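Please view the sequence and the model together while reading.

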Amino acid sequence: MNPNGIEGLDAQFIGRVSPTAPRIQAGGHPCQGIYWTQSGKRPKVAIIATHYNVDFSEHYIAPWFARQGFGFLGWNTRYRGVEDQFLLEHAVLDIGVGMKWLKEEAGVEQIVILGNSGGGSLMGAYQAEAIAPTLTDRLPSVGQDALASLVKGDLYISFNAHQGRPEVLTDWMDASVIDENDPVATDPALDPFNPDNGPPYSDAFIEKYRAAQRARNQRITDWAKAELKRLNDAGIPDRIFPMFRCWGDIRCVDPAIDPSDRKPNWCYRGDPAVANRTPSIGRANTIKTWLNMWSLETSPCQGQPHLAKHDTPALVVQGTADTGVFPSDARKIFDFLGSSDKKLELIPGAHYFEDSIEERQTAADLVGAWIKEKL
């Protein structure tokens, strides 16, 4: 079927249960996605992409790869649109459902894992767990069995990807916040939007600001651990809490830091000074989700430990006009990868190559050629 009206392509909807999540009473499956192929074809090589909370079923790059003869599964876990409840161990199992579907029902022989945007560290974690599981103790027995039988990808691609969930949130945090319950309270000496501080920002300010961002993350973690214990002692399993002002990455304001071709004073939500005052990434969390996804101290969603376990050929692609992932991020991902066969490509384009059809085509052609070379 082709509900999207793209000539020459089929788009098949798939809904499946997960080992630790049944179909809901209203009828929806926890795992859902769309499988893109050339019309009437059953590809032997397929690509899969998933995000922490963004719906990737209609992923922008899917038709570009399908036209090259690959299958493309834009796959969603139970956490699509409900980031505040995310737990990595269950998301990994949900990705495993999509991988299993490709092998057992779609007839795919080789699978390419595409880690795009925030989904980069999620897909990197999946591949690492398929190689050597570390999340076993977080799961019930049925989940442990599923974790032990994950299908491993044949190739891994980092595609304009953030290093990890705790890393990107901390890099984006406004370090001048002095009260997590008050979106107004600010330390002017750390305010990145105080013209007395820059831009341009001095090396001393940058060092102080980055340290204060990490300290803010730790303060929230310390509170979360104590609050969860207090609640649990009272028989309450968890609670939700808000988080304010998380568009404070000084690289978005000052183009001299981590230089690239990006638009100055800009982020994914527009003007950083405006975006920073608007609820955005991480705006609501349960305490368990904070500790699982965002905390630098406790989160298993950090990129480096997972990427270090990778042993398959890997490609890191980074658009040089990206306003939220920067050249140093791509180089760190490349360095973290344990694969001996790996390649880094910095190419023109924004985060989703949304500004130019030609740049999007170039990115798809580059990745497609690399896949065909390796498989």
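## Packing of α2 and α3

The axes of helix α2 (residues 88–104) and α3 come within 10 Å and cross at roughly 80°, where axes are lines fitted to C-alpha atoms, for helices over the stretch in contact, and angles run from 0 to 180 degrees between N-to-C directions. α2 and α3 are therefore roughly perpendicular to each other, a term used for angles of 65 to 115 degrees, with those under 35 counted as roughly parallel, those over 145 as roughly antiparallel and the rest as oblique. On the α2 side the contact is made by Leu 88, Ala 91, Val 92, Ile 95, Gly 96 and Met 99, and on the α3 side by Leu 122, Met 123, Ala 125, Tyr 126 and Glu 129, contact meaning heavy atoms within 4.5 Å. By class, this contact has nine nonpolar, one polar and one charged residues, with Ala, Val, Leu, Ile, Met, Phe, Trp, Tyr, Cys and Pro counted as nonpolar, Asp, Glu, Lys and Arg as charged, and the others, Gly among them, as polar.

The model is predicted, so that local features need pLDDT of at least 70 and side-chain atom pairs count only at pLDDT 80 or more, whereas totals for chains, interfaces and linings use all residues. Residues are numbered from 1 along each chain as its sequence is written, and side-chain values use heavy atoms, with hydrogens and water left out. Helices (H or I, at least four residues) and strands (E, at least two) are DSSP runs, numbered from the N terminus.

## Packing of α5 and α9

The axes of α5 and helix α9 (residues 287–294) come within 7 Å and cross at roughly 100°, which makes α5 roughly perpendicular to α9. Arg 165, Pro 166 and Leu 169 of α5 make the contact with Trp 290, Met 293 and Trp 294 of α9. The residues of this contact divide into five nonpolar, no polar and one charged.

## Domains and the pocket between them

The domain assignment, which is automatic or taken from a database, gives domain 1 (9–164 + 301–374) and domain 2 (168–294). Their C-alpha centres lie 27 Å apart, and the contact takes 23 residues from domain 1 and 25 residues from domain 2.

The largest pocket has a volume of about 540 Å³, and it lies between domain 1 and domain 2 because both give residues to its lining. On a 1 Å grid over the protein atoms alone, a pocket is an open set of points with protein on both sides within 12 Å along at least five of seven lines, a cavity is a set where a 1.4 Å probe fits but cannot get out, and lining residues have an atom within 4 Å of a point. Grid points are joined across faces, edges and corners, and a volume is the space filled by probe spheres set on the points. Of the 22 residues lining the largest pocket, His 51, Asn 53, Val 54, Arg 269 and Ile 281 lie nearest its centre; the lining divides into eight nonpolar, eight polar and six charged residues.

The largest cavity, with a volume of about 50 Å³, has a lining to which helix α5 (residues 165–172) gives the most, with four residues. This lining draws at least three residues from each of domain 1 and domain 2, and its residues divide into two nonpolar, three polar and four charged.
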